[in-house]
Amino acid sequence: MSYVDEVYSMVVEKNPAQPEFHQAVKEVLESLRVVIEANEEAYRKDALLERIVTPERQLLFRVPWVDDNGQVHVNNAFRVQFNSAIGPYKGGLRLHPSVNLGIIKFLGFEQIFKNSLTGLPIGGGKGGSDFDPKGKSDREVMAFCQSFMTELNKYIGADTDVPAGDIGTGAREIGYMFGQYKRIRGVYEGVLTGKGLSYGGSLARTEATGYGLLYLTEEMLKCNGKDIKDKTVVISGSGNVAIYACQKAQQLGAKVVTVSDSTGWVYDPEGIDVALLKEVKEVKRARLTEYAAARKSAEYHEGKGVWTVKCDIALPCATQNELLLEDAKALVANGCFAVAEGANMPTTMDATEYLQQNGVLFCPGKAANAGGVATSALEMSQNSERLSWSFEEVDSKLKNIMVNIFHNLDDAAKKYGMEGNYVAGANIAGFLKVAEAMTAQGIV
């Protein structure tokens, strides 16, 4: 059995009932096979793969909080500090009922390579809780966030572990968490990113993941002789990433015709009205039925269906494993020529392979959605320097980072004889930097 297969078997055996984590490890190790086999003796001797697939630290704790009726609730919370070889742990906090240890480990493992690809000194980590902020009052959300941070503060710090937002964790939640950290620790430091502008946040952070997705997509198309202008784009999701991906795509001259949420999706042949979408989702926190009701050209559909719409470019921006094999077949049949992931691992492995086999340009989330964490690292820099950069300055740095990410993964794919395989290129480019740092630092 090869070293790759041995390590993957070990991961499955030691981490039962964590399918998302198994999937993330398998996808990375498979595409690293050519690199690992070339260095197998040294890597095996140092147990490099065993160390890279095993978190440095896993924290599991309870979060008790009181609702508006005086009832006490208890949620599970997690922080997985996966790898600090190239910098302090960095990764978001997800608040969603689906959160469990396996999902946090999959996200933390992906984060190692994503953070490495940015070229910035940040390691991989992730956290969250099965708490659902939807339908809760501001006071209830504050009660949860303060209780959550009362425990988490012991393990994080500006040079140790710097969490950020993720699904369910927006500016409101980050604000409550930051206030509690400051209150308990008595220090004012950049321990969280995604903060409000009045207390150390960065301009362009809100837009960063969506904008970054489009900067990389534009560069990928350009390097393959295509132009994003006048192309039809389908987007899933209607959260932060989807909204700003929609906005930037339209600024670049494309037409976005779909968005979705957990109950249904909207098809708008005249192009999504971003201002209305923001009003519905960011202000009212309402369902997409309200978007459709307010716009004559829009059709609302229950359930799934975004990937059945004829398009040139598809950008999955909702959640993991949302684009299945049958969806990939529909995209190919409808003439889609590019897919870039705005969410973390939204495309299943068989769907990814089908898209690649059918000549679709495919860029994985660890590269395509790295704009958010890259701008979080820029926020850390501003906090350390006690400075605040302009929107244009941050946006310009973001664009350069995303363009460089594409060229680094493109070069890695070509170097190892897999030209055009951007999944392999991203994993190889991300892995080599982390492996070199781990080797240099000894067995720790």
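## Salt bridges

A salt bridge is defined here as a side-chain nitrogen of Lys or Arg within 4 Å of a carboxyl oxygen of Asp or Glu. The model is predicted, local features need pLDDT of at least 70, side-chain atom pairs count only at pLDDT 80 or more, and totals for chains, interfaces and linings use all residues. Residues are numbered from 1 along each chain as its sequence is written, and side-chain values use heavy atoms, with hydrogens and water left out.

The structure holds 22 salt bridges. In one of them E6 pairs with R44, and the closest N and O atoms are 2.9 Å apart. This pair links distant parts of the chain, with E6 in helix α1 (residues 3-14) and R44 in helix α3 (residues 40-45), 38 residues apart. Helices (H or I, at least four residues) and strands (E, at least two) are DSSP runs, numbered from the N terminus. Relative accessible area is classed as buried under 20%, exposed over 50% and partly exposed in between, with a 1.4 Å probe and protein chains only. On this scale E6 is partly exposed at 32%, and R44 is partly exposed at 33%.

## Buried charged pairs

D161 forms a salt bridge with R79, the closest N and O atoms being 2.6 Å apart. D161 belongs to strand β5 (residues 161-164) and R79 to strand β2 (residues 72-83), so the pair ties together parts that are 82 residues apart in sequence. Both D161 and R79 are buried.

A further salt bridge joins the side chains of D268 and R295, at 2.4 Å from N to O. D268 lies in the loop between β8 (264-267) and α10 (274-283), and R295 in the loop between α11 (288-294) and β9 (299-302), so the pair ties together parts that are 27 residues apart in sequence. D268 is buried, with a relative accessible area of 0%, and R295 is buried at 18%. Elsewhere, salt bridges that share partners join D5, E30 and R33 into one network.

## Helix α16 and its surroundings

Helix α16 (residues 391-415) has 25 residues and reaches 36 Å from its first C-alpha to its last, close to the 36 Å expected at 1.5 Å a residue. The expected span is 1.5 Å times one less than the number of residues. Among the buried residues of α16 are V394, D395, L398, I401 and M402. Contact means heavy atoms within 4.5 Å. The buried residues of α16 pack against α5 (101-117), α8 (205-223), β12 (361-363), α14 (365-368), α15 (371-385) and α17 (422-440). Just after α16, G417 takes a positive phi of about 70°.

## Helix pairs

Axes are lines fitted to C-alpha atoms, for helices over the stretch in contact, and angles run from 0 to 180 degrees between N-to-C directions. Angles under 35 degrees count as roughly parallel, over 145 as roughly antiparallel, 65 to 115 as roughly perpendicular and the rest as oblique. The axes of α8 and α16 come within 9 Å and cross at roughly 45°, and the two helices are therefore oblique to each other. Their crossing is right-handed, a term for a near helix turned clockwise from the far one by less than a right angle, left-handed being anticlockwise.

For helix α9 (residues 240-251) and α10, the axes come within 10 Å and cross at roughly 170°. That makes α9 roughly antiparallel to α10. In this pair, I243, Y244, C246, Q247 and Q250 of α9 meet V274, L277, K278, K281 and E282 of α10.

## Loop residues

Most residues other than glycine have a negative phi, and most peptide bonds are trans. A47, which is not a glycine, has a positive phi of about 50°. A47 lies in the loop between α3 and α4 (48-52) and is partly exposed at 25% relative accessibility. D230, also not a glycine, has a positive phi of about 70°; D230 is found in the loop between α8 and β6 (232-236) and counts as exposed at 63% relative accessibility.

K304 is found in the loop between β9 and β10 (313-316) and is exposed, with a relative accessible area of 54%. Leaving aside its neighbours within four places in sequence, K304 is in contact with W265, E322, L324 and D327. K304 and G372 are 68 residues apart in sequence and 26 Å apart in space, C-alpha to C-alpha.
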